[in-house]
Amino acid sequence: MPATVVLPEVPRLSDRLVDQIAFPSRDTYKRMAAAFRDTGFETCSDLCAVDYLTHPGRTLPEGVGPERFEVVVNLLSLSKRQRVRIRVQVPESDPLLDSLVDVYPGVDAMEREAYDLVGVVFGGHPDMTRILMPEDWEGHPLRKDYGVGRVPVQFKEAPGPR
Amino acid sequence: MTEHEHEDEHEDGNGQESESEPAIDSAPGSEAPPVDQELGIESTEAGHLLAEQRAFVAETSEGAQELLPRGTTTAGELRQEVGAVLRLPEGGFVDPGDIDIERRDDQTMIINMGPQHPSTHGVLRLMLELDGETVLRTKPIIGYLHTGMEKTGEELTYVQGSTNVTRMDYLSPLHNELVFSLATEALLDVELPPRAIWIRMLMAELNRVSSHLMWMATNGMDLGSTSMMIYGFREREMVLTFFEKTTGLRMNHNFIRPGGVAADLPDGWEDDVDIICETILARTYEYDELLTGQPIFRERTEAVGNISAEEALALSVTGPILRSTGVPWDLRRTMPYLAYDKLDFDVIVGSYGDNFDRYSVRLNEIRESIKMIRQIAEMMPPGDYRVQDRKVTPPPRARIDESMEALIHHFKIFTEGFRVPEGEVYVAIESPRGELGCYLVSDGTSKPYRMHIRGPSFVNLQALPLLLRGGLMADAVAVISSVDPVMGEVDR
């Protein structure tokens, strides 16, 4: 089945596995998701955020400037048996993006997860709280400048932790 | 412990303690509890914390993550907590009159279920607003098993990665390994030998059988059928014994790896698989006798926890819950991966989307999986069980004894791993709980730049407010069970 094209002015790429990866701006993001929903993409499979702090040189189409954060949405059409991917660039200085809860209610928990772990705030989400980390946690663990915890190696003769 | 007892205890262990560590505290009779030093809190006297410091240690409130009283809840939040998700053409939500915003706090009661509750399948915590016995609002609170596996995955090479992901959904570990391996292979663009593909399918289907059996067992237990629990565990053990024979472990196998599988099937596997299929298929008819026609079981499950196809799709719910509403969506059939397009099987669907449909979908999926396992065993091709691309696969054991280069190569693969070309990929498979996806970003090194797992249980849990709404508190346990959440995957 041929690929469904909505908002043809939005730059896009394709690869071996998915024939449409759209790169809307933050302003057209929600409009694009709604347009996809109206053309038969009934469900949102997945939403996640990626922090590209230490890997800025990724492949992007013409006219899309790389930013630190990227929110990746994978939509699924059951009737067409198709997947499309939407990737939005979100700048570090203002990590704010429209929430898709009105369009796809199922992104509720996924947006909370993206906020909790990467720190992208979704405007219009009814309950923008942490979901996996405790409420009073500081920092967003999946950011690249957030250190990995580690357990010190214990040698036999070394003094104990206390 | 009172002051006096504390003194006594100190007296008992006095001699040794003060001699070995004299400098730790000069005050006599003070044996500072280790907690104090770890938290950096100074003990005021003899191992006692100040009241406010103790409050700091004890407080684990989740604050705004919890279900709040109606007065402090916004309308949008309220809609989510009652599970109103249906979209109207103009982009709004379903009938606001259904939400009963008018109800006052003093007519209802908010109770807490879990995280330590035998029927929440792990550390799921639900906050329920009740009016008498009727559930009005629900909010699942998760994160009690969060161990940062996605972050850990960024620190492990692709070779080590499957050891990490296998621990997420601990009831179907092979599916986790499979989705991670498929994503890695999609980035590497390697072609697997046919036997590796078919071994993967065999193990994945066996794992689906064992996972559904586990669900039958726990669902039976939640509904008061302890016989079903014993039977489910008994049959699952047969599958796990075969897994142990094949992979060396009953769970967390690390068997399916990028590039193929870890080992070939053991000698005589056909007989084992045959016995498993025959026994479990016969036993599923015993479950029919025990549960399917039983009036008490049907009363507890029929028309309880209903969800419609539109609601399920809007909430991104997949797997047996979506199929129970009548949507024939099974990734094995609709978007085939591995070699599922070569198998003959049926996609089981229900019609009402209630607990009973979810039960029958899963029971019949066991039968379908057994049908598939028999076909796989018949059609299992000969050949290699892992790709012979030396970039991905370490040299065979025999070569290491005779060749220095092979030894170095082996060492490099297991210490540094192999490099994966830059790119992003989203791969999804049908796990026993629904669409299990893996979004993998590679920056060209030997470790994933970002590994995101789309856990089906995590997403399916969003349906709970809708499923529980308007039902009885006593049915809540049955509904939670029918969603089949595995907390290891929800919290990752």
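Predicted model: local features only at pLDDT ≥ 70, side-chain atom pairs only at ≥ 80, totals over all residues.
**Entry: helix pair in chain B**

I looked up helix 8 (residues 173–188) and helix 9 (residues 194–222) of chain B. Their axes come within 8 Å and cross at roughly 140°. Helix 8 of chain B and helix 9 of chain B are therefore oblique to each other. Next I listed who makes the contact. Helix 8 of chain B brings B:Leu174, B:His175 and B:Leu178, while helix 9 of chain B brings B:Arg200, B:Met203, B:Ala204 and B:Asn207. I sorted this contact by class and got four nonpolar, two polar and one charged residues.

**Entry: chain B as a whole**

I checked the secondary structure of chain B and found 22 helices and eight strands. Chain B has 492 residues, and 47% of them are buried. I then took contacts in chain B between residues at least 6 apart in sequence. Of these, 67% join residues at least 24 apart.

**Entry: where chain B touches chain A**

How many residues does the contact take from chain B and from chain A? I found 45 from chain B and 33 from chain A. I then asked which elements of chain B each supply at least two residues to its side. The helices are helix 3 (34–39), helix 5 (75–81), helix 6 (149–155), helix 13 (309–314) and helix 19 (456–460). The strands are strand 6 (423–431), strand 7 (434–442) and strand 8 (448–454). By class, I noted 19 nonpolar, 15 polar and eleven charged residues on the side of chain B that touches chain A.

Conventions: Residues numbered from 1 in each chain as written. Chains lettered and ligands numbered in written order. Contact = placed C-beta atoms within 7 Å. Helix = DSSP H or I, 4+ residues; strand = E, 2+ residues; numbered from the N terminus. Nonpolar A, V, L, I, M, F, W, Y, C, P; charged D, E, K, R; others polar. Axes fitted to C-alpha atoms, helices over the stretch in contact; angles between N-to-C directions. Parallel < 35°, antiparallel > 145°, perpendicular 65-115°, else oblique. Buried ≥ 20, exposed ≤ 12 C-beta atoms within 10 Å, placed from the backbone.
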